[in-house]
Amino acid sequence: QVQLVESGGGLVQAGGSLRLSCAASGRTFRNYVVGWFRQGPGKEREFVAYISWSSVSTVYRDSVKGRFTISRDDAKNTVYLSMNSLKPEDTAVYYCAAGAVSDSPTSYPYWGQGTQVTVSS
């Protein structure tokens, strides 16, 4: 079992920045990766980025490349999502999840509670 807790969401103006944190606890395994997903009002949950726990491999969806950066602090067992140049279309509840190497939410069995990111125009 893996427990995940997100933090760092909030309200920001377009062009601003936020850094989300995902703190993991419980037993983890080398095959787990941590992904960030988001779900806007009335929209499907979509993939944002993922990073492996035991390597430095990262993958991003096209719309956030060059603006978002996923990183990890192994000593703190924490994954971060640094978001720059935020746009109103980035408004969503952001979730971190642990699972397999995939861009599909169904491949991630462990989820955090979500943190709201709102970007005003």
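## Terms and model

A residue counts as buried when its relative accessible area is under 20%, as exposed when it is over 50%, and as partly exposed in between. The model described here is predicted.

## Aromatic pairs

The structure holds 6 aromatic pairs. One of them joins Y95 and W111 in an edge-to-face arrangement, with 6.2 Å from centre to centre and 80 degrees between the planes. This pair links distant parts of the chain, since Y95 belongs to strand β9 (residues 92–99) and W111 to strand β10 (residues 110–111), 16 residues apart.

The two partners fall into separate classes of accessibility. Y95 has a relative accessible area of 14%, so it is buried. W111 has a relative accessibility of 26%, and therefore counts as partly exposed.

W111 also pairs with Y108. That pair is edge-to-face too, at 6.5 Å centre to centre and 65 degrees between the planes. Y108 counts as buried because its relative accessibility is 3%.

## The ring cluster

Which residues do ring pairs link into a cluster? The members are F37, F47, Y50, Y95, Y108 and W111.

## Charges over rings

Another arginine, R19, lies over the face of Y80, at 4.3 Å from the ring centre.

Note on methods:
Residues numbered from 1 in each chain as written. Predicted model: local features only at pLDDT ≥ 70, side-chain atom pairs only at ≥ 80, totals over all residues. Heavy atoms only, no water. Phe/Tyr/Trp six-rings, centres within 6.5 Å; stacked < 30°, edge-to-face > 60°. Helix = DSSP H or I, 4+ residues; strand = E, 2+ residues; numbered from the N terminus. Buried < 20%, exposed > 50% of the residue type's maximum accessible area, 1.4 Å probe, protein only. Lys NZ or Arg CZ within 6 Å of the ring centre and 35° of its normal.
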